[in-house]
Amino acid sequence: MKRTLIATSIAALLALPASAAEYKVGVLLPFSGVYAGLGAHIENGFKLGLEHFGDKLGTDTITMLRDDTEANPGATLAKAKKMVLADKADVLTGIVSSAVLGGLRDFVHSSKTPLVVSNAGNDAATGERCSPYITRVSFSNGSITRVMGPWLAEQGVKTAYLMAPDYAAGHQMMDAFRATFEAAGGKVIGEAYPPLKGTKDYGPYISKAKASGAEALMTFFAGGAAINFVKQYAEFGAAKDLPLYGAGFLTSAAYVHVQGAAADGVIASLHYVPTIDNAENKRFQEGYQAAYEGKLGSEFAVAGYDSARLIIEAIAAAGGDKAKFKGELAKVSFNGPRGPLKIDPATHNVIQNMYIFRNEFADGKVTQNVLATIEGVQDEVNGCKM
Amino acid sequence: MLTDPSFWLVQGLNSLQLAMLLFLLSVGLTVIFGLMNFVNLAHGSLYALGALIGYSIAEASGSVFLAFLLAPLAVTAVGALLYITLIERLRSAGPLPQVLVTFGLIFVLMDAQRYLWGSDALGVTGDVPFSGTIHIGSEPYPAYRLFIIAVGIAVFAGLYLLLNRTRLGAEVRAGVDDAETAAALGVNVERTFFLVFLLGCGLAGLAGAVAMPAFSAEAGMGVEILVPTLVVVVVGGLGSLSGAFVGSLVIGVTLTFGTALFPDFAGIAMYAALVAVLLLRPQGLLPARS
Amino acid sequence: MTRHLLALALFAALFAWHSQAEYYGFELLAEIAVFAILAMSLDLLAGYGGMVSLGHAALFGLGAYLYSWLGSDMVGLSAPLAILGAAFGTGVIALAVGAVAVRVEGIFFIMITLGFGQMGHEFFFQNKALGGDDGLFGIQRLDLSGIGIDLSDPGSFALAALVSAALVYVLLAWVLATPFGAVLKGLHANPNRLRALGLRVLTYRAAAFAFSGTVAGFAGSISAQHTQFITPHLLNWTTSGEVLIMVILGGLGTLVGPVVGAVVLVLLRHELSSITDYWGAIMGGFLILVVLSRQNGLVGLVERLLPGRRG
């Protein structure tokens, strides 16, 4: 007993100088272009995460590098190469657009650079195009809407109309919903996919969906499109005949205050809502609102926050050993603002709760009333070979 | 669906609403082109500026009407600044340098907007006039859209009178027709250019302010709207008020009914219309000069 | 002649940089080479032929997709054939588009190329078999191991791309010196005179469009090999706008100008964007300053500063 104790202390002493490792974290986010808003949220969250969990680093240090990805895969690849090859970044994080993630995948895989994805939801990134070096803390597109199928069927809804922008994420979200909704006995009786770019007027689509006679409208829209869609939906008085459901980005905390009364009654599913009741979320929201002009921390900000925490916990677990650090990222698990979170060893996608919530508008404010919590939502392996 | 008259009515109103928004934007652009022979590519950025300034005014004062009034004036002031500092200097250099300067301005104005208003989409949180739903027959329809249609038609009527009943209008028509002769006849062409440019900027600002309550405002919205606006200008015929009006209707109808009836081709409908018009009638539907 | 000397000096500088560069430098050089080829092809069209196009990136992207598609399992051509197929396939489509588009001029030409370009963008954006908006990945590079060159090495690839750009410069300079080149310049300067000489102006304009498209398609095939991943973003009109800025920044109708523009813009973009999020405003401001200087881009500025000749 005594001998082992001495041995451990000697080992600890020997390990001390080596444990002061310097880590360079390359943050790749859109700071200009269409996704710049999301980029800002994620970066704010990331910085708050460094602040809240930085003390776990001990003697190790983190230096943050940052560069703008726009929504441009080619330019991002070049910038990622600069971070890794010239600036010697130890880990990359960020990435909002799935196309940008797709463009980076082969580079991070072949250069064995860990990448912590804090938004891009493309199913394939943790499916057939997965990599042991890619860890996703945000979500996969399918996991968000998959939980809505059985839940809607349980509420007695038999027919649904689908609507999402015409691009990969839109189709993945809708396909996942369709599969589980139909398995639960529901029927999709119509669908529409407006062009991703340039659609400002959803009037024609809303009029058409209303005419279909479906019992529910299931949608996915995000950002400016979500604001316009929800507002126009309310203006057309469509909610009465055809209640609106969606992936929770439809009424994200980032902009639900702009939608205001129009968001009232919209039911959606997401991995995070600001009203989740736990100590970690309280700390996150209080810290975020104090640091950023009282703005509510959104699911995007949480993804940045948790990315920072994941990286810090992995650094702490590696104990100064950079080679070990790469393997530690996928082993991290913790209770965060969105509840319990861990990484699936088979795909390196996040395993987390999904919250089905109703937006309620009162006194000029929208709050999220959680109707159901689906715990430990995990993707199928989907062809991923590590 | 196709036999349901309310489908045609509602989609018809949707077409008209989109067309009037496009008209407010394209009319300034087309008259500037007709007179000064250059395309102001930053026109969309002025539209975004109108929406963002309108947002700030509405939030600060609580009155969206005040935003409709002041935002166009503010954008006109920005336009005057751009004209005096950049565009006037290039009057003698020909159209291409002027187009290029406005192309550079797109990037400058967009970043300026991001710096001042951030990157999030913004929407008024206070009361918006005409925000309710009205019933046309049995169909509920957003009243605000009817308001946009009314603004578009009022602006068209106002411009028509301005062009045909006032001295400035006569000067503009003379300038579009033949700037040199107009100048020889004693028209101060440079002054006319300046006034028309300002009017175009003001209308872009008005379009932005009027669109803001319905479509939210964000830095970057100007780039998105630029291409459809250019398409309207070319389809309608350069330099012509009625051309801009007709072009807006054609594109509004193409986009709305295209998406409702042929959703798979929604993305290319507008470009197909553009190419078709350019091939069958390269001068546009109602050009100012034959 | 001054311009050819300038080009010689510029390419010498790029090769010298290559000999000193490391990984990241190689990436930049390959990107510069790709955009230099693309910008030169646009200069041929816009600077010499007077046809300013906002759809040029669509031809570039088309070349990239053709190369990737021809070289993939879907078709299975070898890389050299896929490069040829990409260049000439793009040329054939450019000929078809050009035959229609060249009937209009000036701002109308800008708009019709924009229209065709966006339709192309939409086609690849929607095409699920070619990856839709998520793009195509796993693209192979040309295999030159038979002659001892390993193109999977970033340095060798950047060198090959630079050599390609230099060869394209020589090819285009030669074409401009041929009778075809003379007609091309005449198309811009004095189309009526050519008509009076009995030349079919539209045919020549379409031919120029097709030739320019072939070179753009070739640039696309190199770009696809460089990033080994392509998305419809390559075809978007904003990419066309960037290339047009390169041409104008460098000097319209100078051939060496587009190369200068490509170097400046690629470097500015990468260096500025890591310093500030508002790099777009700085680039836009730079463009405005160049235009306000009333010189023909940076090359025009240099020529003015050099004693003797004026550009």
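The model is predicted: local features need pLDDT of at least 70 and side-chain atom pairs pLDDT 80 or more, while totals for chains, interfaces and linings use all residues. Residues are numbered from 1 along each chain as its sequence is written, chains are lettered from A and ligands numbered from 1 in the order in which they are written, and side-chain values use heavy atoms, without hydrogens and water.

Chain C contributes 24 residues and chain A 31 residues to the contact (heavy atoms within 4.5 Å). About 2400 Å² is buried between the two chains, with 52% from carbon and sulfur atoms; buried area is the accessible area (1.4 Å probe) lost on putting two parts together, summed over both. Of the area that chain C buries against chain A, 23% comes from Tyr24(C), Asp134(C) and Asp277(C), more than from any other three residues.

Four salt bridges join chain C and chain A (side-chain nitrogen of Lys or Arg within 4 Å of a carboxyl oxygen of Asp or Glu). One salt bridge pairs Glu271(C) with Lys82(A) at 3.9 Å, N to O.

| Residue | Phi | Relative accessible area |
|---|---|---|
| His348(A) | near 65° | 9%, buried |
| Asn382(A) | near 50° | 45%, partly exposed |

How values were computed:
Buried means under 20% relative accessible area, exposed over 50%, partly exposed in between (1.4 Å probe, protein chains only).
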